[in-house]
Amino acid sequence: MMASNPEHMKCFEELKEWINRQPHLPKDLDDKLILRFAHSCYYDLEKAKTTVEMFFSIRGTCTDLLTNRDPQSAHMQKILKIINIGQISMSSNRCLWLYQINDPGLDNYDYISDAKLFFLTTDCRFIEAVDLPEEDIVLMDVKDLTLKFLTKLNLSAARKMAKYQENALPIRLKQVHVVNAPSFIDKIYAVMKPFITKQITELIHFHPPNSETLFQYIRKEDLPADYGGSRPPMAELRKDIDALISRNREKLIDENLWKNVAKNKNEASTEIGSFRTLAID
């Protein structure tokens, strides 16, 4: 889907031209992805440029999360068996991102593999999807979460993930819902909160087990059957994600996918200068 509004199209064209002038940015970006950056920033060209820079800068620091992520590998298959992910096109041109842990005791859970899966599935959407949602909503089902999660957490990866999710993802995040939240969720949230901006914390809503407070924000007809809705259950949505990953496997295992380039020392200096103010720990 291309922008129909002349001002939106102007922003897209200028952003594309700007990207092609930057020696450190890839020159083979799909128009769908470039348009998604413009759309996510409400066609504000300068904000879109900053988001693009953050997207590639942070990905450059996350090589441990963007390599060795073949979905057919043993470690990725292991995490795929315990994490359900789904995406639903909701009413009013909104997108619902779903995440569900299915690992009582967290014996098989691995945070780094989970982070790799996040990058894998979001990359898949940005490769294929042509819709441009007005709003993006995240629903996280933590029914199997225990305090053991704190022993699994990788703080360095968590910090990078938070920066990427808040400042680089080309989406319009409006709500984050944590459902089946246990009574000790505040202890886990306290560890994660320092990585999260105030702007994002204001979007987060916690819903305890057997609560109906979620329906104050999302209509039942927009939710999977698992949550009292009329959409397909998570297990079925998961099959769609598996197919999406399978279709794009060759692109996903390419370690040069959406990677910064610097062909000589002058270009490398340009890249470093561009990213200096965007550096993260």
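Predicted model: local features only at pLDDT ≥ 70, side-chain atom pairs only at ≥ 80, totals over all residues.
β4 belongs to an open sheet of five strands, arranged in the order β1-β2-β3-β4-β5, with mixed pairing. At the edges of this sheet stand β1 (83-90) and β5 (204-207); each has a single partner strand, so one side of each is left without a neighbour in the sheet. On average, and ignoring direction, neighbouring strands here are turned by 15° against each other.

On one side, β4 (residues 173-179) pairs with β5, and β3 (residues 135-141) is also joined to β4. The table sets out these two pairings, each with one residue pair to look for in the structure.

| Strands | Sense | Bridges | A residue pair to find |
|---|---|---|---|
| β3 and β4 | parallel | six | Val138 and Val176 |
| β4 and β5 | parallel | four | Val178 and Phe206 |

If you are tracing β4 by eye, Val176 stands opposite Val138, while Val178 has Phe206 in β5 as its bridge partner.

**A helix across the sheet**

At the β1 end of the strand order, helix α11 (residues 234-247) lies across β1 and β2 (94-101). The helix runs at about 90° to β1.

**Two crossing helices**

How do α1 and α2 cross, left-handed or right-handed? Their crossing is right-handed. The axes of α1 (residues 6-21) and α2 (residues 31-40) come within 9 Å and cross at roughly 115°. Angles of 65 to 115 degrees count as roughly perpendicular, and α1 and α2 are therefore roughly perpendicular to each other.

Which residues meet where these helices touch? From α1 come Cys11, Phe12, Leu15, Lys16 and Ile19, and from α2 come Asp31, Ile34, Leu35, Phe37 and Ala38. By type, the residues of this contact divide into eight nonpolar, no polar and two charged.

Definitions and conventions
Residues numbered from 1 in each chain as written. Heavy atoms only, no water. Axes fitted to C-alpha atoms, helices over the stretch in contact; angles between N-to-C directions. Parallel < 35°, antiparallel > 145°, perpendicular 65-115°, else oblique. Left-handed = near helix turned anticlockwise from the far one by under 90°. Contact = heavy atoms within 4.5 Å. Nonpolar A, V, L, I, M, F, W, Y, C, P; charged D, E, K, R; others polar. Pairing = 2+ DSSP bridges.
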